[in-house]
Amino acid sequence: MKKCVIMPDSFKGTMSSLDVCQIIAERVQAFYPACETITIPVADGGEGTIDCFVEAIAAEPVEVVVKGPYFEPLTARYARHSQTAIIEMAQTAGLPLVEDRRNPALTTTFGTGELILHAIQNGCTEIVIGLGGSCTNDAGTGAAAALGVRFLDQAGKAFIPTGGTLSRVHAIDVSAARTLLAHCHVTAMCDIDNPMYGPEGAATVFSPQKGADPDMVAELDDNLQHLADVIERDLGLDVRHLPGAGAAGAMGAGIVAFCGGKLKSGIQSVLDLVEFEKQLAGADLVITGEGKIDGQSLRGKVVAGIADRARKQSVPVLVIVGAIGEEAEKAYDLGVSAIFSINRAAIPFEESRHHSKENLALTIDSLMRFQRLFDC
């Protein structure tokens, strides 16, 4: 084997994608010292996205002091590669930042907008935003306000909305933001298809984990519906049922409405940014993986996206996982060559998780021993 592309997701609760890359690369090279190993750790928008791009494409980390979930100052990062800025909203509005202060009626995405603004002011024209792990339900209005969008109340006074005050938005003026973003392309990495509001919307599905009780859920949902009405009236856009509009507290809707952006599959965004087809050139094998593979994980997620593109270049794909769930066999129709679990004994996850790194290394060893049988 002369070239191997290693591109796994994290094994949640046990190993980061950086850990997985390192272990697989070490074991491949132990059996094939001359093999070129290309490691591309994957994070498709949520926490850890910045670190993965810094590693995968040698992006430059940029630190900025911005506002956090409760408008408090904090230091956040984004990654810059040429004129592209990769921004992780969890850096400024992530659930871990609020700890025991969860309240999606009060939290803001303003800091995310400040990161975008900093990137634009420093020459970036491609803005890629990872949506995931948010503590907010403000539909991205905070971020939009940082970019110059004016949200006006009934008295004509501008204010920065939060999830609990969206009902006060009487009019929206995007003229300043449109000027700022005129030469920029904004893309949000989004892997859910929830609408903006309603039974499957941002507030109903996601706000309880952000601290909302049933009464607050109903209020937040009503507020999003009100905002959608104002957006349609003032901006001529109907974002209510746009797939992904409900992502990150309905920031998906805000990216489209206020930034003129687009929503795109997280893994497809990653594959484009790392120029995956170029990385595949001359490869004998792709190794990918994640904590669990099942029918749900194949819906546009990491394994499916990688397998689809690798198949087009006739490169075999091995999938290494912690657990194999129902309908995992559907992966073979997508271009996956084989699936292997690192679990070596029938023991509970709470026990096996402590041996995940060792088990991963031993599994790759076994696969490389088998691979060498075909090299003679």
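This is a predicted model: local features need pLDDT of at least 70, side-chain atom pairs count only at pLDDT 80 or more; totals for chains, interfaces and linings use all residues.

Colleague: Let's begin with the hairpins. How many bridges join strand E3 to strand E4?

Modeller: Strand E3 covers residues 60–67 and strand E4 covers residues 73–81, and the two run antiparallel. The number of bridges joining E3 to E4 is eight.

Colleague: Which residue in the turn between E3 and E4 has a positive phi?

Modeller: E3 and E4 form a hairpin, with five residues between them. In that turn, a positive phi of about 65° belongs to Phe71.

Colleague: And in the hairpin of E4 and E5, which residue takes a positive phi?

Modeller: E4 pairs with strand E5, residues 84–88, in the antiparallel sense over three bridges. His81 stands opposite Thr84 in E5, and there are two residues between the strands. The residue with a positive phi, near 60°, is Ser82.

Colleague: Nice. Moving on to helix H10, is Ile267 buried or exposed?

Modeller: Ile267 is found in helix H10, residues 266–273. Its relative accessible area is 0%, and the cut-off for burial is under 20%. Ile267 therefore counts as buried.

Colleague: What separates the C-alpha atoms of Ile267 and Gly305?

Modeller: Along the chain, Ile267 and Gly305 are 38 residues apart.

Colleague: Is Ser269 buried or exposed, and which residues does it touch?

Modeller: Ser269 is also found in helix H10. With a relative accessibility of 4%, Ser269 is buried. Not counting residues up to four places away in sequence, Ser269 touches Thr187, Met189 and Lys264.

Colleague: For contrast, is Asp100 buried or exposed?

Modeller: Asp100 lies in the loop between helix H3 (90–93) and helix H4 (110–121). Its relative accessibility is 71%, and the cut-off here is over 50%. So Asp100 counts as exposed.

Colleague: Now the largest nonpolar core. Which element gives the largest share of this core?

Modeller: The core has 37 residues, and Met7, Val274 and Ile293 touch the most other members. Elements giving two or more residues to this core include helix H2 (49–56), H10, helix H11 (276–280) and helix H12 (302–312). The largest share, five residues, comes from H12.

Colleague: One more region. Which residues lie nearest the centre of the second largest pocket?

Modeller: This pocket holds about 240 Å³ of space. Strand E12 (285–293), strand E13 (317–324), helix H13 (349–352) and helix H14 (356–372) each supply at least two residues of its lining. Out of 16 lining residues, those nearest the centre are Gly322, Ala323, Asn343, Phe349 and Ser352.

Colleague: How many residues of that lining are charged?

Modeller: The lining of the second largest pocket has six nonpolar residues and seven polar ones. The number of charged residues is three.

Notes: Residues are numbered from 1 along each chain as its sequence is written. Side-chain values use heavy atoms; hydrogens and water are left out. Two strands pair if DSSP finds at least two bridges between them. Helices (H or I, at least four residues) and strands (E, at least two) are DSSP runs, numbered from the N terminus. Buried means under 20% relative accessible area, exposed over 50%, partly exposed in between (1.4 Å probe, protein chains only). On a 1 Å grid over the protein atoms alone, a cavity is a set of points where a 1.4 Å probe fits but cannot get out, and a pocket is an open set with protein on both sides within 12 Å along at least five of seven lines; lining residues have an atom within 4 Å of a point. Grid points are joined across faces, edges and corners, and a volume is the space filled by probe spheres set on the points. Ala, Val, Leu, Ile, Met, Phe, Trp, Tyr, Cys and Pro count as nonpolar, Asp, Glu, Lys and Arg as charged, and the others, Gly among them, as polar. A nonpolar core is a set of buried Ala, Val, Leu, Ile, Met, Phe, Trp, Tyr and Cys residues joined through side-chain atoms within 4.5 Å. Contact means heavy atoms within 4.5 Å.
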